Amino acid sequence: MPTQKHQGFRLGAYLSSFAYNDPETLISGDRTGTWKFMEVSMTAVRKLSDPEIRDRLNNLNDWSLDHGKLYREYKFKDFVTAFAFMTKVAQAAEAAAHHPEWFNVYDTVKVHLSTHDVGGISARDFDLAQQIDHIVVTMALPGPDRGS
């Protein structure tokens with residue numbers, strides 16, 4: 001698809017991307033003013049049923065349900081490692097256009113995943129949970145620091 005240059009205004013210094021809220025078209029842009037238009041099918045995203053959620057939870061390590069969202073808590077050796085983990089997750093989440101709700105205090109990161117567009121948990125949440133777990137493994141953390 002074509003890339004178009006947008007010259008009308010600049011995005012804020014810390015805003016790295018923008019998504020137009022149309023279920024069929026995603027418009028992404030960055031601080032340089034480069035805009036890409038991509039067709040995105042949102043029809044494939046649906047809220048999973050309770051039995052589907054329970055079945056998929058069996059394939060994830062240490063994830064649970066908390067207030068209708070997937071939940072996991074990770075504990076790291078220190079704040080810098082926790083923040084490095086969050087940075088890697090942020091990059092994966094941005095690439096997937098699916099973002100976690102999370103909370104960080106010192107060496108602990110609490111992650112909640114749900115799909116707001118469907119009002120619950122979708123396959124996108126399980127995909128991101130698997131990516132997050134893979135990030136922890138690839139960070140080569142020793143034993144208990146891999147999260148709890």
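**Strand pairing, core and surface of the predicted model**

Among contacts in the protein (heavy atoms within 4.5 Å) between residues at least 6 apart in sequence, 59% join residues at least 24 apart. The structure is a predicted model, in which local features need pLDDT of at least 70 and side-chain atom pairs count only at pLDDT 80 or more, while totals for chains, interfaces and linings use all residues. Residues are numbered from 1 along each chain as its sequence is written, and side-chain values use heavy atoms, with hydrogens and water left out.

The protein contains 3 helices and 7 strands, taken as DSSP runs numbered from the N terminus (helices H or I, at least four residues; strands E, at least two). Their order along the sequence is β-β-β-α-β-β-α-β-β-α. Of the 148 residues, 33% count as buried, where buried means under 20% relative accessible area, exposed over 50% and partly exposed in between (1.4 Å probe, protein chains only). The protein exposes about 9300 Å², of which carbon and sulfur atoms supply 55%; accessible areas come from the Shrake-Rupley method with a 1.4 Å probe, and for residues only the protein chains shown count as cover.

Strand β7 (residues 108–113) is mostly covered, with 5 of its 6 residues buried. Two strands are said to pair if DSSP finds at least two bridges between them. Strand β5 (residues 69–75) pairs with β7 in the antiparallel sense over 6 bridges, and L70 has L113 of β7 as its bridge partner. β6 also pairs with β7 in the antiparallel sense, over 5 bridges; here the bridge partner of W102 is V111 in β7. β6 and β7 form a hairpin with 2 residues between them, and Y106 in the turn has a positive phi of about 45°.

The largest nonpolar core comprises 25 residues, and those with the most contacts inside it are W63, L70, Y74, F85, L113, F126 and I132. Elements α1 (50–57), β5, α2, β7 and α3 (123–138) each supply at least two residues of this core. Such a core is a set of buried Ala, Val, Leu, Ile, Met, Phe, Trp, Tyr and Cys residues joined through side-chain atoms within 4.5 Å. In soluble globular proteins, nonpolar side chains tend to be buried together. Leaving aside neighbours within four places in sequence, L113 is in contact with residues including W63, L70, I121, L128, A129 and I132.

M86, located in helix α2, counts as buried at 12% relative accessibility. Not counting residues up to four places away in sequence, M86 touches W102, N104 and V109. The C-alpha atoms of M86 and N104 are 8.9 Å apart, although these residues are separated by 18 positions in sequence. W102, in strand β6, is partly exposed, with a relative accessible area of 30%. Beyond four places in sequence, W102 touches M86, V89, A90, V109, K110 and V111.

On the surface, F79, V80, F83, F103, V105 and Y106 form a nonpolar patch with about 640 Å² of accessible area together. Patches are made of residues with over 30% relative accessible area and no salt bridge, like charges being joined within 9 Å and nonpolar side chains (Val, Leu, Ile, Met, Phe, Trp, Tyr) within 5 Å. Both α2 (79–96) and β6 (101–105) supply at least two residues of the patch, and α2 gives the most, with 3 residues. F83, in helix α2, is partly exposed, with a relative accessible area of 46%.

The structure holds 5 salt bridges, each a side-chain nitrogen of Lys or Arg within 4 Å of a carboxyl oxygen of Asp or Glu. The side chains of K69 and E101 form one of them (2.8 Å, N to O). This pair links distant parts of the chain, with K69 in strand β5 and E101 in strand β6, 32 residues apart. S114, in the loop between β7 and α3, is buried at 10% relative accessibility and touches both K69 and E101, among other residues. A salt bridge also joins the side chains of K75 and D107 (3.2 Å, N to O). K75 lies in strand β5 and D107 in the loop between β6 and β7, 32 residues apart. K75 is partly exposed at 37% relative accessibility, whereas D107 is buried, with a relative accessible area of 14%.
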